[in-house]
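Let's take a walk through a protein model together. Keep the picture open beside you and look up each part as we come to it.

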Amino acid sequence: MKIQLQPKETKSLFATDIVFQTFFWSQVKSRLGWRPSAFNFSCPGLSGDLLLLTRTLGREVSVAYVPQGPEFGPAPEHYGRFLESLSDRLTDQMGSPPAFIRYDLPWKSQYMEDGNEGEKRRWPGRPEARLQEVRMNFGTNAWKLRKAVTDLTVADAVHLDLDGGEDEILSRMKPKTRYNIRLAAKKGVSVFFASIELLPIFYELYCQTAERNGFPVCGYEHFSALFPVPASDSDSPERHFLLATHGDRFLAGAIITISRRTATYLFGASSTENRNLMGSYAIQWAAIRLARAKGCLVYDMGAVAPAPDPDHPFYGMYRFKTGFGGSIIHRTGSWDYPLDEEKYEIFRNQEIIGRMQLNG
């Protein structure tokens with residue numbers, strides 16, 4: 001598959017519903033030590049652009065990362081050939097090639113069964129990584145694509161349809177979710193737009209959430225990096241910081257982005273105490289109303305377990321988020337294209353050890 005690649009300024013990235021493929025996101029990540037660059041690409045029947053991030057990590061291992069991109073890809077049977085050719089072209093553009101390129105692919109999973117539009121489709125699940133790699137590499141020249149140890153952003157997410165009025169959206173929720181939204185209002189929980197001065201409070205709630213659910217904790221800088229970034233133009237994504245309170249108690253918080261017609265639940269947090277006040281439900285209802293007021297068609301609520309599996313680490317998020325209605329989107333997830341096999345294996349082994357310690 002022959003792909004043409006042309007570098008360009010990151011500020012020239014196309015407007016998109018995927019916030020992670022915007023100039024705004026390149027500014028956020030540059031504050032965290034990543035070097036952003038952008039490219040236009042084209043091949044027969046397909047064209048688009050992508051944001052590429054590079055940095056050097058431990059042991060002088062340089063990595064390249066395409067966050068939830070490219071937005072547009074080929075038919076599922078051509079995923080591997082496309083990524084191989086794209087990786088080769090990107091390598092030609094990089095003066096010092098990284099150990100590997102990681103793609104966090106937003107494309108429909110190859111294992112999603114086809115069906116009529118509007119029809120609920122059965123999710124058969126993904127096979128083990130080795131079998132996924134066989135399918136992804138079929139038709140490639142070098143058979144180099146590897147399934148990443150961890151999906152960096154979201155392989156499975158709840159998308160909430162914002163079509164219709166508020167009553168209609170509420171009617172699509174599960175009864176318990178509707179009840180908890182109304183209970184929060186009845187108990188006097190309020191949600192307001194917070195300023196950056198209150199970000200430390202959000203971070204404290206976030207740390208409580210991570211400890212409660214066994215998630216790794218991101219550093220405070222990952223949140224503060226979002227706020228100094230100004231809007232570059234009218235098409236630039238918006239960032240909204242919400243906090244839920246009851247009296248002088250902070251119950252929950254969320255950071256929401258809006259890019260074109262999609263709102264994305266970027267970060268969330270809730271207090272371990274006073275959970276009976278349903279602050280998290282109040283936050284999500286406020287985010288839904290905000291997204292509708294901004295003209296969004298979809299609210300991406302982020303990661304969930306792909307199916308109702310109590311043993312999955314995201315099962316709690318599955319139960320909470322699916323209560324708001326919507327459907328689960330199954331994406332292709334994170335894939336690696338090694339360029340330096342020795343350094344890549346060192347990095348991959350470190351990821352495997354880290355994951356084992358987290359699940360241990």
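## A guided tour

L46 is buried, with a relative accessible area of 15%; buried here means under 20%. Keep in mind as you look around that this is a predicted model. You will find L46 in strand β3. Which residues does L46 touch, leaving aside those up to four places away in sequence? They are F41, F72, G73, P74 and F82.

Strand β3 covers residues 46–56 and pairs with β2 in the antiparallel sense, over 9 bridges. Together β2 and β3 form a hairpin, with 2 residues between them. In that turn, G45 has a positive phi of about 80 degrees. Strand β2, residues 35–43, has another partner to visit: 5 bridges join β2 to β1 (residues 4–8), and these two strands run antiparallel.

Next, let's look at the backbone. Most residues other than glycine have a negative phi, and most peptide bonds are trans. The peptide bond from G69 to P70 is cis, with omega near -5 degrees. You can find P70 in the loop between β4 (62–66) and α2 (79–93). Further along, N274 has a phi near 60 degrees, which is positive although the residue is not glycine. The loop that holds N274 runs between β11 (262–270) and α8 (279–293). M278 is also found in the loop between β11 and α8, and its phi is likewise positive, near 60 degrees, in a residue other than glycine. Are these two residues buried or partly exposed? N274 is partly exposed, with a relative accessible area of 24%, whereas M278 is buried, at 19%. The cut-off for buried is 20%, so N274 falls above it and M278 falls below it.

From that loop, step on to the helices. Two packed helices are described by the angle between their axes and the distance between the axes. For α5 (residues 175–186) and α8, the angle is about 95 degrees and the axes are 8 Å apart. Angles of 65 to 115 degrees count as roughly perpendicular, and α5 and α8 are therefore roughly perpendicular to each other. Where they meet, T177, N180, I181 and A184 come from α5, and Y281, A282 and W285 come from α8. Sorted by class, this contact has 5 nonpolar, 2 polar and no charged residues.

Which residues of α5 are buried? They are T177, R178, N180, I181, L183 and A184. An α-helix has 3.6 residues a turn, so residues three or four places apart point the same way. The cover over the buried residues of α5 includes α4 (166–171) and α8. Beyond the helix, α5 is followed by G188, whose phi is positive, near 90 degrees.

Key
Residues numbered from 1 in each chain as written. Predicted model: local features only at pLDDT ≥ 70, side-chain atom pairs only at ≥ 80, totals over all residues. Heavy atoms only, no water. Helix = DSSP H or I, 4+ residues; strand = E, 2+ residues; numbered from the N terminus. Buried < 20%, exposed > 50% of the residue type's maximum accessible area, 1.4 Å probe, protein only. Axes fitted to C-alpha atoms, helices over the stretch in contact; angles between N-to-C directions. Parallel < 35°, antiparallel > 145°, perpendicular 65-115°, else oblique. Contact = heavy atoms within 4.5 Å. Nonpolar A, V, L, I, M, F, W, Y, C, P; charged D, E, K, R; others polar. Pairing = 2+ DSSP bridges.
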